[in-house]
Amino acid sequence: MKTLVKLEITRTLRNRKFMFFSVLYPAMLFLGISLTYKSGATAGDTGLSALAYLMTSMAAFGAMTAVLMGNAERIAREREKGWVRQLRLTALPGRGYVTAKIASAATVSLPSILIVLILGATVKDVHLKAWQWAGIGVATWAGSLVFAALGVAIGYLATADAARPISMIFYFGLAILGGLWTPLYLFPHWLQTMAGYLPAAPYAALGRSIELGNAPHAKDVTVLAVYLLLFAGAAAWLYRKDTRKA
Amino acid sequence: MTAPAAKSGTAPRPAAPADGAAPAAPVVAFSGVDKSFGPVRAVTDLSLTLYPGETVALLGPNGAGKSTALDLLLGLKNPDRGGIEVFGRSPTQAIAAGRVGAMLQSGGLMEEVTVRELVGLACDLHPRRHPPADVMAAAGITEIGDRKVNKLSGGQEQRVRFALATAGANDLIVLDEPTTGMDVSARQAFWATMRAQVDQGRTVLFATHYLEEADAIADRVLVLHQGRLIADGTAAEIKARAGARRITFDLEGAVDTDLLGTLPHLVGLDVTGPTVRIRSDDADATMHAVYGLGLYPRNLEVSGLGLEQAFLAITDAATAEEAGNR
């Protein structure tokens, strides 16, 4: 199984085009949006500067891009080509395949997170302590596993043609409802409450909490953990139960 | 096709496995298996047993249910009714235990990796793995080890699939149309490799379109037709059942088909213009009767029936029977 994880990561790294866009897209978005900010603007009543708020949102959004876009479609295509069928004839347990896929997705999300953070520290003058930078990086990376698992589950549920639009809907829907584009504090109260139980808002909140010098909220971590179990469990179950043309 | 050579043919084949007194525990046992896809019955009441060391060919026209039967055997599909046991347990358990290797027609390969990486992966995943270098040598793919998997020819791809199916010490190897896309020499080399597996005591089940392969390689032939098992025996038995000899001759003048229909040992009769084609299970007796009727056949030819013709005869008969039952 270690070999499979290694091989999946190697394959992803070899796919330069995919790496390039996944890594650059959130960084460009971060720079672009921040140009519209007045210097010294604050992010509502969060106690953060607008730039710091945007940085964690974009790091989270970038990681979501890396793990959701493309991944679901690649898995659906592998199913249609029969590779997964071949793999099911090995002793590999369902969780092995899901683990390998999540691991390879995480290889792409790490650089996209790091680039946003580096830009924040260098170009955008966001000032944080060393442990905070490290904490944001680790938390955002770990949280991206939730969306990676969602990508695997979609890849299992949909055909190759449908996987792209479906992952787009989840990707934009979750990003918007999670306040990654429009800051959460501008949402009506009921929507803020609802967003707290969807995965993207708790995800971005991990980094924000660290920016304020606190540990991530237990509630956010719990919500994310539940989604991770849900998505990964669904993916593993679908892998084994896939008795259609897989 | 290669000459049948040694058919590695000492497989222990019990005459009547039905009474339950089989000498060896069966490798595969289907009992009364049904599988439908919507309104389409893919497999109907399929019962069959494979024993250790057998090399079994699965024949059938397209849509006969071969691939479905193999999918069921490998646990890729679940039966609607009936039981399937592989080494005495469920197909999925047998696979998890590393006892079954399979080469599927529809089995894709992982892309963007080299042949060596892929074979290494298959070996790594096998509970009773062989060294990757040995597996590649046996499959004849050592030279293309550094090639990307998605840049292979059809025949090379089949060899890589074969390597995946033999990555560990499997006791049963299942092959679905293994030589598709191979040229004649590649096919010969493939079966030579396969025989080496059989000689190590493996049980091999293969579906094929090439009847000469079944004839040359299999100890036992199963014929599927419209989801039903319509024949199960050695290639020789199947040929005999279909009518062992084919007789062809021309007659002058009007051909009296009814009269010809009274000939003894007749299995099949076909008259086209002056040409009469007869299938007979005793060509000598049939021809004796032809002369006895006062006919004077010209251009007489008597030939043994190949497995191909036998196969067509059996499936045609099954189709006719099916139509008669309606």
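1. The contact between the two chains draws 25 residues from chain B and 18 residues from chain A, where two residues are in contact if their C-beta atoms, placed from the backbone, lie within 7 Å. On the side of chain B that touches chain A, the elements giving two or more residues are α2 (91–96) and α3 (115–125) of chain B, and the largest share, six residues, is that of α3(B). Sorted by class, this side of chain B has 14 nonpolar, seven polar and four charged residues; Ala, Val, Leu, Ile, Met, Phe, Trp, Tyr, Cys and Pro count as nonpolar, Asp, Glu, Lys and Arg as charged, and the others, Gly among them, as polar.

2. Some conventions should be kept in mind. This is a predicted model, in which local features need pLDDT of at least 70 and side-chain atom pairs count only at pLDDT 80 or more, whereas totals for chains, interfaces and linings use all residues. Residues are numbered from 1 along each chain as its sequence is written, while chains are lettered from A and ligands numbered from 1 in the order in which they are written. Helices (H or I, at least four residues) and strands (E, at least two) are DSSP runs, numbered from the N terminus.

3. Chain B is divided into domain 1 (17–236) and domain 2 (243–304), with bounds that come from an automatic or database domain assignment. The centres of domain 1 of chain B and domain 2 of chain B, taken over C-alpha atoms, are separated by 42 Å.

4. One open sheet of chain B has six strands in the order β5-β6-β7-β3-β8-β9, with mixed pairing; two strands pair if DSSP finds at least two bridges between them. Because β5 (100–103) and β9 (228–233) of chain B stand at the edges, each with a single partner strand, one side of each is left without a neighbour in the sheet. From one strand to the next, the twist averages 15°. β5(B) pairs with strand β6 (residues 172–176) of chain B in the parallel sense over four bridges, and B:G101 stands opposite B:I173 in β6(B). Helix α1 (residues 66–73) of chain B lies across β3 (55–59), β6, β7 (203–207) and β8 (220–225) of chain B, and runs at about 150° to β6(B). For such angles, axes are lines fitted to C-alpha atoms, for helices over the stretch in contact, and the angles run from 0 to 180 degrees between N-to-C directions.

5. Another open sheet of chain B has four strands in the order β11-β12-β10-β13, and here the pairing is antiparallel. Its edge strands, β11 (266–272) and β13 (298–304) of chain B, each pair on one side only, and neighbouring strands are turned by 15° against each other on average, direction ignored. Strand β10 (residues 245–250) of chain B is joined by six bridges to strand β12 (residues 275–280) of chain B, the two running antiparallel; B:D250 has B:T275 as its bridge partner in β12(B), and B:T248 stands opposite B:R277. Helix α10 (residues 283–292) of chain B packs on this sheet and touches β10, β11, β12 and β13 of chain B, with a direction that makes about 25° with that of β10(B).

6. Which turn residue takes a positive phi in the hairpin of β11(B) and β12(B)? In this hairpin, which has two residues between the strands, B:G273 takes a positive phi near 60°. The antiparallel strands β11(B) and β12(B) are joined by six bridges, and B:L266 stands opposite B:S280 in β12(B).

7. In chain A, helix α6 (residues 94–122) and helix α11 (residues 218–241) pack at an angle of about 125°, with their axes 8 Å apart. That angle makes α6(A) oblique to α11(A), given that angles under 35 degrees count as roughly parallel, over 145 as roughly antiparallel, 65 to 115 as roughly perpendicular and the rest as oblique. The contact is made by A:G94, A:R95, A:Y97 and A:V98 of α6(A) and by A:A232, A:A235, A:A236, A:Y239 and A:R240 of α11(A), and its residues divide into six nonpolar, one polar and two charged.

8. Helix α4 (residues 71–81) and helix α7 (residues 130–157), both of chain A, pack at an angle of about 35° with their axes 7 Å apart. The contact residues, which include A:I75 of α4(A) and A:V152 of α7(A), divide into seven nonpolar, three polar and no charged.
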